[in-house]
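Here is a short note to read beside the model. Please keep the sequence and the 3D view open as you go.

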Amino acid sequence: MGISLRGTLGLASAVAALTLGTGTAIADEEAELVVNEEIEMVVRAEAPDHLADTLDTIYSGWVFRSDETQALQADDFDNPGFVFVDVAMDAWNAADGAAGKSCADCHNDPMDSMVGVRAVYPKWNDEAGELRTLEMQINACRTGQMEAEEWKYDGSDMVNMTALISVPSRGLPVNVAYDGPAQEYWEMGKELYYTRTGQLELACANCHEDHYGDMIRADHLSQGQINGFPVYRLKNAKLNSAHARFKGCIRDTRAHTYKPGSAEFVALELYVATRGNGLSVEAPSVRN
């Protein structure tokens with residue numbers, strides 16, 4: 001079945017929007033992010049080796065936001081994402097499940113025990129024999145240690161908790177490994193990143209590699225880095241997971257998308273995370 005007239009016009013308008021934006025400078029290219037006047041964030045870095053033939057420099061999505069949005073992330077009291085971090089802290093200390101345990105029973109204060117954790121996920125778990133995202137590890141703890149029900153992969157409880165666990169790693173460099181058993185998943189994620197999908201026949205790379213820094217309608221395209229996830233989006237006034245964003249991007253190409261937590265999105269997360277190796281963990285960040 002061919003693409004409908006409506007689909008053809010949509011493709012034309014999307015291409016036109018990208019073309020018209022070509023040459024637009026990166027917003028406030030020299031801006032520096034220091035959170036709470038003490039946590040220095042690396043928002044631009046030399047591209048990792050596997051991108052050497054593609055990019056010279058990698059940029060945090062923060063660089064592409066307006067001055068007002070950038071300022072919200074520079075102070076935890078102004079960052080609306082911290083409302084949800086506080087909610088997660090209550091959950092951290094609350095017993096749940098048949099074992100009557102809380103996260104704190106095993107891990108004590110997350111500001112100490114979770115330092116560096118967010119920076120290395122997704123990662124291969126030898127004991128389980130699988131590649132795990134932070135969400136998968138949280139659910140493994142819930143079912144295995146707490147004897148509690150799994151949380152919905154992109155539900156509010158889960159997204160809030162991943163934000164809390166991310167906070168102690170802010171300012172540390174993303175350092176996600178993709179060798180060994182993780183390699184095949186990385187290759188799968190890379191293929192997904194460069195595969196055109198949907199009626200608009202767009203791949204992740206078409207926007208976030210070929211046209212970052214350009215304008216598409218009212219949006220300033222970033223490199224699609226996920227070092228700031230989960231992010232508080234002003235658009236929907238809540239924390240959003242990386243997989244929810246993947247789902248939305250693929251949907252916008254007018255393609256059938258994958259589910260959060262699916263093998264496809266886990267692989268894509270691994271690949272995209274390694275594209276940001278060297279940038280600082282920022283979560284919870286603030287975006288449009």
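The points below go from the overall picture to single residues.

1. **Ground rules.** This is a predicted model, in which local features need pLDDT of at least 70, side-chain atom pairs count only at pLDDT 80 or more, and totals for chains, interfaces and linings use all residues. Residues are numbered from 1 along each chain as its sequence is written, and side-chain values use heavy atoms, with hydrogens and water left out.

2. **Overall picture.** The protein has 11 helices and 11 strands. Helices (H or I, at least four residues) and strands (E, at least two) are DSSP runs, numbered from the N terminus. Of the 288 residues, 48% count as buried. Buried means under 20% relative accessible area, exposed means over 50%, and partly exposed lies in between (1.4 Å probe, protein chains only). A contact means heavy atoms within 4.5 Å. Among contacts with a separation of 6 or more, 69% come from residues 24 or more positions apart.

3. **Helix α7.** How many of the 11 residues of α7 are buried? Nine are, so the helix, residues 156-166, is mostly covered. The buried residues include Met158, Met161 and Ile165. Packed against the buried residues of α7 are α3 (82-93), α4 (103-107), α5 (110-113), α6 (134-144) and β10 (238-240).

4. **α3 against α7.** The axes of these two helices come within 8 Å and cross at roughly 95°. Axes are lines fitted to C-alpha atoms, for helices over the stretch in contact, and angles run from 0 to 180 degrees between N-to-C directions. α3 and α7 are therefore roughly perpendicular to each other. Angles under 35 degrees count as roughly parallel, over 145 as roughly antiparallel, 65 to 115 as roughly perpendicular and the rest as oblique. On the α3 side, the contact is made by Phe84, Val85, Val87, Ala88, Met89, Ala91 and Trp92. On the α7 side, Asn160, Met161, Ala163, Leu164 and Ile165 take part. By class, the contact of α3 with α7 has 11 nonpolar residues, one polar and no charged. Here Ala, Val, Leu, Ile, Met, Phe, Trp, Tyr, Cys and Pro count as nonpolar, Asp, Glu, Lys and Arg as charged, and the others, Gly among them, as polar.

5. **α10 against α11.** The axes of α10 (residues 242-252) and α11 (residues 263-275) come within 10 Å and cross at roughly 100°. These two helices are therefore roughly perpendicular as well. His243, Phe246, Lys247 and Ile250 of α10 meet Phe265, Val266, Leu268, Glu269 and Val272 of α11. This contact of α10 with α11 has six nonpolar, one polar and two charged residues.

6. **The cores.** A nonpolar core is a set of buried Ala, Val, Leu, Ile, Met, Phe, Trp, Tyr and Cys residues joined through side-chain atoms within 4.5 Å. The largest has 28 residues, and Ile58, Ile226, Phe246 and Val272 have the most contacts inside it. α8 (183-194), α10 and α11 each supply at least two residues of this core. Its largest share, seven residues, comes from α11. Another core, of 21 residues, lies apart from it, with Val117, Ile138, Ala163 and Leu239 among them.

7. **Aromatic rings.** Rings of Phe, Tyr and Trp (its six-membered ring) pair if their centres lie within 6.5 Å; planes under 30 degrees apart count as stacked, over 60 as edge-to-face and the rest as tilted. By this rule there are 12 aromatic pairs. One of them, Tyr178 and Trp186, is stacked, at 4.6 Å centre to centre and 20° between the planes. Tyr178, Trp186, Tyr193, Tyr194 and Tyr271 form one aromatic cluster.

8. **Backbone details.** Most residues other than glycine have a negative phi, and most peptide bonds are trans. Check these sites in the view. A cis peptide bond joins Tyr121 and Pro122, with omega about 0°. Pro122 sits in the loop between α5 and β5. The bond from Ala283 to Pro284 is also cis, with omega near 0°. Glu37 has a positive phi, near 60°, and is exposed, with a relative accessible area of 78%. Glu147 has a positive phi of about 55° and is found in the loop between α6 and α7.
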